[in-house]
Amino acid sequence: MSSYTLAELAEKVGGKVAGNGDCVITSVASIENATAGSICFIYSSKFAKYLADTKAEAVILTAELAAEAKVPALIVDKPRAAYAHITALLYPQYKPEPGIHSSAVIDDSAQIADSAYIGANVVIEAGVRIGDGVYIGPGCIIGRKSELAADVYLHANVTVYYGCSIGENSIIHSASVIGADGFGFEHDGQEWVKIHQVGGVCIGKNVEIGACSTVDRGAVSDTIIEDGVKLDNHIQIAHGVKVGENTIMSNGVGVAGSTIIGKNCMIGGMTGIKDNIEITDNVIITAMSLVSKPLTKPGSYSSNTPIDDTRTWRKNTARFRQLDEIARRVMQLEKTNKKD
Amino acid sequence: MSSYTLAELAEKVGGKVAGNGDCVITSVASIENATAGSICFIYSSKFAKYLADTKAEAVILTAELAAEAKVPALIVDKPRAAYAHITALLYPQYKPEPGIHSSAVIDDSAQIADSAYIGANVVIEAGVRIGDGVYIGPGCIIGRKSELAADVYLHANVTVYYGCSIGENSIIHSASVIGADGFGFEHDGQEWVKIHQVGGVCIGKNVEIGACSTVDRGAVSDTIIEDGVKLDNHIQIAHGVKVGENTIMSNGVGVAGSTIIGKNCMIGGMTGIKDNIEITDNVIITAMSLVSKPLTKPGSYSSNTPIDDTRTWRKNTARFRQLDEIARRVMQLEKTNKKD
Amino acid sequence: MSSYTLAELAEKVGGKVAGNGDCVITSVASIENATAGSICFIYSSKFAKYLADTKAEAVILTAELAAEAKVPALIVDKPRAAYAHITALLYPQYKPEPGIHSSAVIDDSAQIADSAYIGANVVIEAGVRIGDGVYIGPGCIIGRKSELAADVYLHANVTVYYGCSIGENSIIHSASVIGADGFGFEHDGQEWVKIHQVGGVCIGKNVEIGACSTVDRGAVSDTIIEDGVKLDNHIQIAHGVKVGENTIMSNGVGVAGSTIIGKNCMIGGMTGIKDNIEITDNVIITAMSLVSKPLTKPGSYSSNTPIDDTRTWRKNTARFRQLDEIARRVMQLEKTNKKD
């Protein structure tokens with residue numbers, strides 16, 4: 001853990017100090033559970049009630065709430081964004097001294113920057129290139145000719161297949177798999193014949209991919225994850241998909257083959273997206289939706305049905321199976337009424 | 001495999017023997033496919049028809065069905081619970097002699113009980129503490145300062161990040177990941193800024209977590225899995241979630257950030273649970289539901305629509321898009337009728 | 001990469017050459033992005049417009065489109081199937097020279113064919129049998145007494161528990177787990193008691209299993225995946241399930257315990273299938289369906305609701321909760337009308 005004075009933090013995140021700027025901040029906390037040395041943030045007046053009693057060393061808030069702070073304050077326009085920057089300062093990502101653990105298995109033809117760290121039991125195959133400042137956690141496997149740009153961070157037990165590239169500063173969490181074969185088969189009349197997947201995976205800069213997620217290699221062209229994309233755990237990105245800049249997907253989203261997703265989209269958890277469609281920029285999709293057609297206009301989209309007690313749901317869901325018939329009967333009634 | 005006489009089993013599970021208590025039981029089986037030396041159970045009269053012809057050495061059943069047994073019987077109140085206890089006796093969890101495999105990479109500062117077993121290619125980082133009788137399967141990675149209490153059992157290729165704790169007798173299956181970063185980002189107007197996740201994960205006693213599941217570390221406070229929780233495969237527990245004692249979740253459930261789930265809940269497979277809500281004790285949720293609001297009363301809840309042939313479903317689902325309009329037209333008809 | 005003349009490819013896949021059969025093919029491509037040396041395919045007249053300008057060395061197409069080809073053509077009945085076969089010729093699966101990497105940890109009692117390749121940091125436990133031509137990627141763990149038949153291909157970081165068998169030519173991708181315990185517990189009045197899972201997993205020939213997928217071991221009898229089954233990523237096959245020959249499942253499908261799925265089924269992504277039911281042969285299920293009852297007739301089945309803008313969806317979904325009531329009111333209106 002690092003430590004900063006409040007004034008130092010203000011300078012780093014571009015804010016103004018109210019009160020004692022020399023107080024020393026060593027941790028972050030929630031405003032309810034804050035202790036000495038911690039900084040916390042509030043982003044709405046809803047939490048202002050905690051300001052009176054908080055034990056935090058300092059708080060991050062907007063100018064309009066500043067008057068209510070009883071402890072030193074860091075005044076910014078976007079408290080949560082300032083908080084995010086401060087977490088990075090106080091809790092920097094763990095990075096051991098550069099070097100290659102003696103148990104790692106490295107092919108002679110691999111090029112590894114001197115400033116990189118290669119953990120225990122890592123396997124690096126032929127022709128791999130590892131950039132400056134890269135961290136490869138224990139048990140990771142990097143396949144032939146893959147490339148990791150500067151400051152890539154792979155947590156333990158990540159698998160990268162051959163011929164994939166990962167851009168600067170990208171982070172991948174454990175048990176995720178980059179570059180497995182896309183799911184491509186053709187039935188020849190008797191059985192499914194595998195279509196060998198000859199594209200790669202190209203991941204941009206500042207991407208983060210959670211644990212147990214998969215990005216499949218392309219059938220012919222690369223699967224592409226653009227800069228700044230953030231994927232949660234258990235995500236599936238199928239072959240030939242392109243995910244646009246700064247798009248964010250919550251847990252369990254599945255995107256089927258060759259679909260193109262725009263920039264700055266927000267995809268809710270456990271949403272399924274059909275193959276071979278296009279979703280434009282700035283689309284929001286709520287959790288557990290099924291996207292079965294292109295979405296050509298920015299905006300918010302949903303499917304699914306609401307939770308209910310099982311008894312009521314059972315009745316309604318039974319009616320769902322009669323819905324077309326019910327609609328027809330309503331039209332019939334309207335017709336009859338008109339005749340009257 | 002172990003072996004017991006029926007009388008010994010009766011004593012261990014607290015049941016009564018009918019017939020020859022000296023018969024030797026070496027395996028379990030289903031009543032239809034049982035062979036000599038095996039014990040099986042029936043828990044309802046529906047299966048009583050198999051009693052006449054079963055080749056099992058013995059059967060576990062309730063007093064009311066006991067008269068129909070043609071082979072030695074173990075009479076108990078809860079045949080399936082007795083069967084569960086017997087599976088543990090006849091098929092004890094595999095545990096090699098204590099020791100550390102020569103290929104394991106162990107930091108000098110780690111404290112490992114003499115009675116623990118550390119498998120091949122395991123990596124144990126600085127400050128880790130491993131309790132008595134722990135089993136760590138091949139390829140597991142245990143991050144800095146994590147603690148595994150007595151008799152924890154990690155199957156092969158489990159990843160535990162730094163600063164996590166796992167309680168006594170808990171079991172985690174392969175490719176699961178404990179303590180990956182919660183999915184926390186804040187948009188600063190240009191891009192998503194990572195909120196470093198500074199909480200840990202705290203897993204209680206007698207917990208079981210299936211394969212390819214993830215329990216993320218907390219954003220600020222720990223993510224908590226209480227005693228006796230059972231999670232199936234492909235589960236996602238997000239940052240700051242708390243899962244109450246003895247709650248059970250089937251495959252693919254996703255629980256979003258900071259949600260609190262009560263005790264003794266049963267969550268059906270592939271259910272999604274929204275962030276920042278509370279679900280009370282003793283709630284049952286059927287498979288593939290979307291829980292988008294708090295559930296404050298015990299009981300059974302559901303969402304989703306029923307399977308149908310695609311042709312019929314397509315008609316009904318098209319009507320779903322007109323449902324509000326249909327409802328309004330029904331109200332209009334009612335109004336018109338009244339006027340008449 | 002390999003290379004073939006067009007005439008050689010025609011002979012191998014059983015097609016006819018139109019134009020120069022001596023042109024040399026070294027890669028595959030899509031027709032829009034093809035370059036010299038590449039072969040591509042078109043399977044419908046929709047793509048015929050690209051034939052005029054393609055830079056491909058040759059194209060695969062049906063006799064009826066052959067006249068429009070400006071470059072050498074391979075004429076076949078099923079262009080996509082021919083293309084699949086050609087991808088295997090041009091991009092054969094990577095296989096190093098047979099041998100055991102010096103870092104692998106192999107139990108003395110394991111039997112490993114001389115023609116097999118065992119990668120870096122692989123762990124092979126007691127009694128395992130590895131057949132001819134098997135490839136085991138880095139970091140894989142093969143549990144006690146499991147058997148891999150000839151030409152099985154395990155990508156990096158696959159976990160196979162004890163007592164499982166995998167048939168000839170089957171492929172498993174990274175981070176997948178074969179043979180973890182089925183999810184079986186019985187409540188004894190106080191807590192959940194584990195039912196030890198004593199069955200195994202039996203996987204047939206020519207099966208492919210994607211990344212991050214799980215096939216659990218049986219509670220009593222084996223879990224069975226028959227020949228030719230293709231499973232995508234993030235699949236869950238629970239204990240005691242049987243999946244029939246040549247059935248194919250897209251990403252994220254979950255099949256609950258003891259369910260039997262027929263042959264030649266196609267299960268859409270993120271579909272959930274209930275436990276203890278039977279699905280007959282030749283069933284198609286569209287994406288994100290919930291199969292809550294047996295499907296006894298071949299055909300296509302669906303559930304779920306369609307994507308809509310969130311505002312409209314919210315109104316319709318609120319009405320879903322009144323659906324039974326709406327239906328009753330329609331009936332009431334019909335009754336009233338009749339009386340009139």
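**Reading the labels on a predicted trimer-like model**

User: Let's start with B:K315. Where is B:K315 found?
Analyst: B:K315 lies in helix α3 (residues 310-320) of chain B. Keep in mind that this is a predicted model.

User: Why does B:K315 count as partly exposed?
Analyst: Its relative accessibility is 38%. Buried means under 20% and exposed means over 50%, so 38% falls in between and B:K315 counts as partly exposed.

User: How far is B:K315 from B:N233 in sequence and in space?
Analyst: They are 82 residues apart in sequence, and C-alpha to C-alpha they are 35 Å apart in space.

User: What makes chains B and C related as by a three-fold rotation axis?
Analyst: Chain C can be laid on chain B by a turn of 120° with a shift of 0.0 Å along the axis, and the RMSD is 0.0 Å. The two copies are thus related as by a three-fold axis.

User: What makes α4(B) and α5(C) a packed pair?
Analyst: Helix α4 (residues 323-339) of chain B and helix α5 (residues 323-339) of chain C pack with axes 10 Å apart, at an angle of about 35°. Among the residues making the contact are B:L323, B:V330 and B:L333 of α4(B), with C:L323, C:V330 and C:L333 of α5(C). The crossing of α4(B) past α5(C) is left-handed.

User: How do you know that both faces of strand β5 of chain B are covered?
Analyst: Look at residues 38-41: B:S38 and B:C40 sit on one side, B:I39 and B:F41 on the other, and all are buried. Buried means under 20% relative accessible area, so both faces of β5(B) are covered.

User: Which strands pair with β5(B)?
Analyst: Strand β4 (residues 27-28) of chain B pairs with β5(B) in the parallel sense over two bridges, with B:V28 opposite B:I39. Strand β6 (residues 58-61) of chain B also pairs in the parallel sense, over three bridges, and there B:F41 has B:I60 as its bridge partner.

Note on methods:
Residues are numbered from 1 along each chain as its sequence is written. Chains are lettered from A and ligands numbered from 1 in the order in which they are written. This is a predicted model: local features need pLDDT of at least 70, side-chain atom pairs count only at pLDDT 80 or more; totals for chains, interfaces and linings use all residues. Side-chain values use heavy atoms; hydrogens and water are left out. Copies are superposed by least squares on the C-alpha atoms of residues with pLDDT of at least 70 in both. Helices (H or I, at least four residues) and strands (E, at least two) are DSSP runs, numbered from the N terminus. Buried means under 20% relative accessible area, exposed over 50%, partly exposed in between (1.4 Å probe, protein chains only). Axes are lines fitted to C-alpha atoms, for helices over the stretch in contact, and angles run from 0 to 180 degrees between N-to-C directions. A crossing is left-handed if the near helix is turned anticlockwise from the far one by less than a right angle, and right-handed if clockwise. Contact means heavy atoms within 4.5 Å. Two strands pair if DSSP finds at least two bridges between them.
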